[in-house]
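I opened the notebook to go through side-chain contacts one by one.

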Amino acid sequence: MSLALTTLPRPDQHGYFASHWRSLDYFNLYRLTLALALVFAGTLFGSSEFFSEGASERFLAYAYVYLICAALFVLGIRARWPGFQIQLTAHITADVFFTVLLMSTNAQLAVGLGLMLAVSVASGGLVGSGRLTLLYAAVASIALLLQHTFAWLGGGRGTESFFQVGLLCAGYFAIGWLAHALTERASRSERLAQEQAAKLALLDRINALAVENSPEGLLAINAAGVVKHMTPRALELLGLPPGSSPLGKPLTDCVPTLAAALPAQGEPGIVREVLLPNARLRMRSIPTAASDDTRIVMLEDPTQAEQAAQRLKLAALGRLTANIAHEIRNPLAAISQAAQLLREDAADTSSARLAGIVENNARRLDRLVEEVLTLNRRDRIRPTHFDVATLTTLLDELREAEEIPAAAVIVDMPGTLHFAFDSDHLRQILWNLLRNAWRHASRRASCLHIQGRTLDGEVQLDLLDDGPGVTPEQRSKLFEPFFTTDAQGTGLGLFLARELAEANHATLNYLPGSAGACFRLSLAYGD
């Protein structure tokens with residue numbers, strides 16, 4: 001009997017769930033128990049006067065064969081072959097067949113065994129989800145009527161007993177119809193439960209993916225401050241090792257700075273900034289209304305939001321300024337030419353000075369337009385090979401264009417230095433750096449120092465000046481567009497230089513700590 005209770009993990013057939021096979025297993029367990037009880041009863045009362053001569057042997061033989069069939073049904077259920085409906089029909093047919101045979105052995109048992117067929121009909125309807133339930137009731141009724149008819153023809157029953165048999169058959173159909181109605185309702189509920197479970201599983205999966213891939217770090221802590229959950233993004237933002245597991249530990253032991261900054265339990269939704277040793281985070285606490293007062297702490301890196309806003313701002317600004325630049329250039333050229341003509345034809349010094357002011361501002365606007373157009377052409381890269389000789393030549397050209405004395409610039413580079421870079425982009429970057437350095441330097445001999453080196457497969461070009469350097473307040477805005485400390489500057493020079501460097505897979509950074517200002521251009525070494 002233990003075999004009947006064991007359900008092996010096998011795939012469900014179309015239209016039937018694992019619960020159907022479990023119900024069939026329990027139904028067959030009832031059959032095994034009934035067959036054993038019949039065998040026991042036949043063995044115990046076989047020699048009594050309850051049975052006529054020879055009837056007890058037939059009763060016991062039918063009971064044994066019924067028990068063997070019930071045991072063989074276990075194998076079919078385990079293998080789930082043949083199909084569920086075929087097996088259930090075979091079970092009900094066996095119940096009807098053996099019950100009729102057992103009824104034929106003793107007239108006194110006929111009514112009781114006939115009532116037991118009602119259990120089989122009802123069970124067939126419940127187990128089979130109402131399918132063929134009325135057919136099972138019809139088969140049982142026909143079998144019962146045939147058995148009773150043969151008994152009446154043999155003289156063992158009277159005609160009045162047909163009324164009892166008719167009532168029993170009517171009971172089969174009533175039970176079958178009721179089982180059909182109940183199982184139809186149960187099947188609809190089960191299908192709905194399966195659909196809801198599938199939807200919930202999908203929703204859980206979506207939520208898990210959304211949480212794990214969220215740009216925000218999430219951690220759950222209870223009222224005692226113990227960490228119950230922490231996403232990989234939260235580990236990264238908090239600077240914890242990727243493989244570490246802070247679950248079940250107090251937050252004060254893992255990240256004491258964050259634990260100290262947590263808002264009180266009754267202050268949900270408050271946004272606070274937390275300064276960690278390696279990051280600046282924005283934190284928000286959300287209660288979950290759980291029994292242990294668990295709350296979700298959301299961690300956000302504000303620099304990412306700032307960078308995203310900056311990118312959107314620059315994209316819109318780029319489109320706007322590019323259109324404006326094209327519209328400005330033609331009238332600007334006319335203004336510049338007219339200013340030159342006015343200065344040439346000026347009758348007095350005052351008129352010449354005014355014409356010079358117009359011409360200087362026209363050149364400034366023209367330089368601004370050129371920088372904007374260069375910024376919008378930053379993705380057009382044509383790498384050129386540079387070595388020490390070509391780089392030195394380029395620096396000399398820029399120095400002469402800015403009217404910087406040769407004695408003011410010291411160039412120190414190894415002879416093996418070589419790299420690939422877009423020539424126009426490199427010219428623009430070095431020109432901006434050199435012009436800014438000369439503007440802020442002391443303009444004495446050796447006030448500018450250009451160094452080149454190779455380190456770990458990387459070329460580093462440093463440009464240093466002996467000026468006052470950059471204040472800490474200004475460092476965070478150095479590479480922002482239109483930020484300038486010079487009244488005559490456009491505020492696009494350093495921003496443009498960094499954008500062009502990134503377009504060539506290089507980086508441009510300001511290095512604090514030196515006597516003056518130091519900017520480093522880092523790029524890959526070689527061709």
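**Entry 1**

I began with Glu-236, which counts as exposed at 54% relative accessibility. I note that this is a predicted model. Then I looked up its partner: the side chains of Glu-236 and Arg-233 meet in a salt bridge, 3.2 Å from N to O. Arg-233 is buried, with a relative accessible area of 13%. Both residues belong to helix H8, residues 232-238. They are three residues apart there, so about one helical turn separates them.

I also found a network. Arg-453, Asp-462 and Arg-520 are joined into it by salt bridges that share partners. My count for the whole structure is eight salt bridges.

**Entry 2: charged pairs between helices**

Which residue does Asp-25 form a salt bridge with? I found Arg-78, with the closest N and O atoms 2.9 Å apart. Asp-25 lies in helix H2 (residues 18-45) and Arg-78 in helix H3 (residues 55-79). The two are 53 residues apart in sequence, so the pair ties together separate parts of the chain. Buried or exposed? Asp-25 is buried, and Arg-78 is buried too.

Next I checked Asp-95. Its side chain meets that of Arg-31 in a salt bridge, at 2.7 Å from N to O. I placed Asp-95 in helix H4 (residues 84-103) and Arg-31 in helix H2, so this pair ties together parts 64 residues apart in sequence. Both Asp-95 and Arg-31 are buried.

Arg-31 has a ring contact as well. Its charged end sits over the ring of Phe-27, 4.3 Å from the ring centre. I logged a second case of this kind: the charged end of Arg-435 sits over the ring of Trp-431, 4.1 Å from its centre.

**Entry 3: aromatic pairs**

I counted nine aromatic pairs in the structure. Why is the pair of Phe-386 and Phe-419 stacked? The ring planes are at 15°, and the cut-off for stacking is under 30 degrees. The ring centres lie 5.6 Å apart. Phe-386 is in strand S6 (residues 383-387) and Phe-419 in strand S8 (residues 418-422). The pair links distant parts of the chain, 33 residues apart.

Phe-479 and Phe-519 gave me an edge-to-face pair. I read 6.3 Å centre to centre and 85° between the planes. Phe-479 lies in the loop between helix H15 (472-475) and helix H16 (493-503). Phe-519 lies in strand S12, residues 518-524. The pair therefore ties together parts that are 40 residues apart in sequence. Phe-479 counts as buried at 14% relative accessibility. Phe-519 counts as buried at 11%.

Tyr-66, Phe-97 and Phe-98 form it together.

**Entry 4: a nonpolar patch**

Last, I turned to the surface. Leu-126, Leu-134, Phe-173, Trp-177, Leu-178 and Leu-182 form a nonpolar patch there. Together they have about 620 Å² of accessible area. Which helix gives the largest share of the patch? Helix H7 (residues 161-212) does, with four residues. Leu-182 is found in helix H7.

Note on methods: Residues are numbered from 1 along each chain as its sequence is written. This is a predicted model: local features need pLDDT of at least 70, side-chain atom pairs count only at pLDDT 80 or more; totals for chains, interfaces and linings use all residues. Side-chain values use heavy atoms; hydrogens and water are left out. Rings of Phe, Tyr and Trp (its six-membered ring) pair if their centres lie within 6.5 Å; planes under 30 degrees apart count as stacked, over 60 as edge-to-face and the rest as tilted. Buried means under 20% relative accessible area, exposed over 50%, partly exposed in between (1.4 Å probe, protein chains only). A charge sits over a ring if NZ of Lys or CZ of Arg is within 6 Å of the ring centre and within 35 degrees of the ring normal. A salt bridge is a side-chain nitrogen of Lys or Arg within 4 Å of a carboxyl oxygen of Asp or Glu. Patches are made of residues with over 30% relative accessible area and no salt bridge: like charges are joined within 9 Å, nonpolar side chains (Val, Leu, Ile, Met, Phe, Trp, Tyr) within 5 Å. Accessible areas come from the Shrake-Rupley method with a 1.4 Å probe; for residues, only the protein chains shown count as cover.
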